[in-house]
Amino acid sequence: MPHASTTEWTSRCAPAEARAPRAYSRTEGRWEVGAFTVDHVVDTNGAGDAYVAGLLAATFGGGPLEESLRWAAANGALCVQSIELVSPAVSRESVGTLAKQAITTRWRRRARA
């Protein structure tokens, strides 16, 4: 597992109808993470910030890119279920539990025609 400070990655987010968020690491390859289905969205303010916070927390905690993307998606999903910008439901335990349910897949660039 590469050390978080030496891992080079980028993350690009897009609306759900466009495509799943993807990330690339020179050492871990390309990954994408599916969005969670949230039954009751209360407020979307801060969802992107929560996504990035989850990504950074897992990355700097030493997690691999795949796990970091799961944490990002889970943190964003928990965020939109509260009127608070920092939801009281968000904890390492709650994010970690939800992150285990996230679906991540490796992706490859399509060959050019």
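Me: How do the axes of H1 and H2 cross, and how close do they come?

Reply: This is a predicted model, so take everything here as computed from it. The axes of helix H1 (residues 47-60) and helix H2 (residues 65-79) come within 7 Å, crossing at roughly 145°. The crossing is right-handed.

Me: Which residues make that contact?

Reply: From H1 you have Ala 47, Ala 50, Tyr 51, Ala 53, Gly 54, Leu 55, Ala 58 and Thr 59. H2 brings Glu 67, Ser 68, Leu 69, Trp 71, Ala 72, Ala 73, Asn 75, Gly 76 and Cys 79.

Me: And how does the contact of H1 with H2 split by class?

Reply: It has 11 nonpolar, 5 polar and 1 charged residues.

Me: Glu 67 is in that list. Is Glu 67 buried, exposed or in between?

Reply: Glu 67 sits in helix H2, and it counts as partly exposed because its relative accessibility is 36%.

Me: What about the length of H1?

Reply: H1 has 14 residues and reaches 20 Å from first C-alpha to last, close to the 20 Å expected at 1.5 Å a residue.

Me: Which residue just after H1 takes a positive phi?

Reply: Gly 62 does, with a phi of about 95°.

Me: OK, H2 now. How many of its residues are buried?

Reply: 12 of the 15 residues of H2 are buried, so this helix is largely enclosed by the rest of the structure. They are Leu 65, Ser 68, Leu 69, Trp 71, Ala 72, Ala 73, Ala 74, Asn 75, Gly 76, Ala 77, Leu 78 and Cys 79.

Me: What covers them?

Reply: The cover includes strand E2 (22-25), E3, H1 and helix H3 (92-99).

Me: And what span should H2 have?

Reply: At 1.5 Å a residue, its 15 residues should span 21 Å, and the end C-alpha atoms are 21 Å apart, which agrees.

Me: You mentioned H3. Which helix do its buried residues pack against?

Reply: They pack against H2. The buried residues of H3 are Val 95, Gly 96, Leu 98 and Ala 99. Seen down the axis of H3, they fall within an arc of 165°, so they line one face of the helix. On the face turned away from that buried side are the exposed residues Glu 93 and Thr 97.

Me: Switching to the strands. Where does Trp 31 lie, and is it buried or exposed?

Reply: Trp 31 lies in strand E3 (residues 29-33). It counts as buried because its relative accessible area is 10%, below the 20% cut-off.

Me: What does Trp 31 touch, leaving out residues up to four places away in sequence?

Reply: Pro 21, Arg 22, Ala 23, Leu 65, Glu 66, Leu 69, Thr 104, Thr 105, Arg 106 and Trp 107. The C-alpha atoms of Trp 31 and Leu 65 are separated by 7.7 Å, although the two are 34 residues apart along the chain.

Me: And Glu 66, how exposed is that?

Reply: Glu 66 lies in helix H2 and is partly exposed, with a relative accessible area of 24%. Beyond four places in sequence, Glu 66 touches Glu 28, Trp 31 and Thr 104. Glu 66 and Arg 30 are 36 residues apart in sequence and 9.0 Å apart in space, C-alpha to C-alpha.

Me: Last thing, the overall picture. In what order do the elements run?

Reply: From the N terminus on, they go β-β-β-α-α-α-β, giving 3 helices and 4 strands in the protein chain. Buried residues make up 35% of its 113 residues.

Me: And what share of the contacts join residues at least 24 apart?

Reply: 62%, among contacts between residues at least 6 apart in sequence.

Notes
Residues are numbered from 1 along each chain as its sequence is written. This is a predicted model: local features need pLDDT of at least 70, side-chain atom pairs count only at pLDDT 80 or more; totals for chains, interfaces and linings use all residues. Side-chain values use heavy atoms; hydrogens and water are left out. Axes are lines fitted to C-alpha atoms, for helices over the stretch in contact, and angles run from 0 to 180 degrees between N-to-C directions. Helices (H or I, at least four residues) and strands (E, at least two) are DSSP runs, numbered from the N terminus. A crossing is left-handed if the near helix is turned anticlockwise from the far one by less than a right angle, and right-handed if clockwise. Contact means heavy atoms within 4.5 Å. Ala, Val, Leu, Ile, Met, Phe, Trp, Tyr, Cys and Pro count as nonpolar, Asp, Glu, Lys and Arg as charged, and the others, Gly among them, as polar. Buried means under 20% relative accessible area, exposed over 50%, partly exposed in between (1.4 Å probe, protein chains only). The expected span of a helix is 1.5 Å times one less than its number of residues. The arc is that of the directions from the helix axis to the C-beta atoms.
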